[in-house]
Amino acid sequence: MKVIAVNKSASFEYFIEDKFEAGVVLEGSEVKSLRAGHASLSESFCEIRRGEVFLKNMHIALYDKSGAFSTRDSRRDRKLLLHKREISKIVGKVNEKGYTLVPLKLYFKDALVKAEIALCKGKHTYDKKRSIAERDVKRATDRAVKEIFR
């Protein structure tokens with residue numbers, strides 16, 4: 001499994017409740033651009049329309065060697081492939097108050113491009129401050145342990 005892009009801000013902004021693996025519908029030049037590592041998940045999100053899940057605002061750079069054939073928008077909507085029971089579970093949760101669907105990671109699984117999406121609940125500012133404090137404490141203890149075992 002080769003990871004292409006990671007949404008680092010998702011774990012800071014949201015409590016991750018449940019994860020799903022989805023296939024992504026892409027064009028050939030987009031796959032070649034992904035193999036070169038030209039993708040970004042920052043500011044991307046998922047939307048449900050007519051029983052289908054779409055990944056919005058994900059940036060895949062235009063493949064430079066494709067010439068005139070890749071005139072598509074680099075931030076176009078891309079369809080995610082999920083089972084119907086997974087989509088119905090997601091729709092039930094998203095309709096509840098506070099839940100949203102966020103992409104976490106984009107990766108290759110064998111020759112296929114997969115996206116890891118998650119049902120998330122938003123964090124409040126005090127939750128974010130607590131996670132920053134916990135991260136600082138963990139970093140300090142790791143440094144102390146490293147100095148002891150030198």
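**Notebook: one predicted chain**

I began with contacts (heavy atoms within 4.5 Å) and noted that, of those in the chain with a separation of 6 or more, 69% are between residues 24 or more positions apart. I remind myself that this is a predicted model, in which local features need pLDDT of at least 70 and side-chain atom pairs count only at pLDDT 80 or more, while totals for chains, interfaces and linings use all residues. Residues are numbered from 1 along each chain as its sequence is written, and side-chain values use heavy atoms, with hydrogens and water left out.

**Entry: the whole chain**

I looked up the secondary structure and found four helices and nine strands; helices (H or I, at least four residues) and strands (E, at least two) are DSSP runs, numbered from the N terminus. Read from the N terminus on, the elements follow the order β-α-β-α-β-β-β-β-β-α-β-β-α. The C-alpha trace spans about 60 × 40 × 25 Å along its principal axes. The chain has 150 residues, and 34% of them are buried, where buried means under 20% relative accessible area, exposed means over 50%, and partly exposed is in between (1.4 Å probe, protein chains only).

**Entry: helix α2**

I asked myself which residues are buried in helix α2. In this helix, which covers residues 28–35, they are Ser29, Glu30, Ser33 and Leu34. Seen down the axis of α2, these buried residues fall within an arc of 145 degrees, so they line one face of the helix; the arc is that of the directions from the helix axis to the C-beta atoms. I recalled that an α-helix has 3.6 residues a turn, so residues three or four places apart point the same way. What covers the buried residues of α2 includes β1 (2–6), β3 (39–40), β6 (59–60), β7 (78–81), β8 (99–109) and β9. After α2 comes Gly37, with a positive phi near 85 degrees.

**Entry: the largest pocket**

Where does the largest share of the lining come from? It comes from β2, with four residues, and both β2 (14–24) and β9 (112–122) supply at least two residues each. I sorted the lining into nine nonpolar, two polar and three charged residues, with Ala, Val, Leu, Ile, Met, Phe, Trp, Tyr, Cys and Pro counted as nonpolar, Asp, Glu, Lys and Arg as charged, and the others, Gly among them, as polar.

**Entry: two residues of β2**

Gly23 is in strand β2 and counts as buried because its relative accessibility is 11%. Leaving out residues up to four places away in sequence, Gly23 touches Lys79, Leu80, Leu81, Val113 and Lys114. Gly23 and Phe108 are 85 residues apart in sequence, yet their C-alpha atoms are 9.9 Å apart in space.

Glu21 also lies in strand β2, but at 34% relative accessibility Glu21 counts as partly exposed. Apart from neighbours within four places in sequence, Glu21 is in contact with Leu82, Tyr107, Lys109, Lys114 and Ala115.

**Entry: positive phi in two loops**

I recalled that most residues other than glycine have a negative phi. Arg50, which is not a glycine, has a positive phi of about 50 degrees; Arg50 sits in the loop between β4 (45–49) and β5 (52–56) and is exposed, at 77% relative accessibility. Asp110 has a positive phi as well, near 60 degrees; its place is in the loop between β8 and β9, and with 78% relative accessibility Asp110 counts as exposed.
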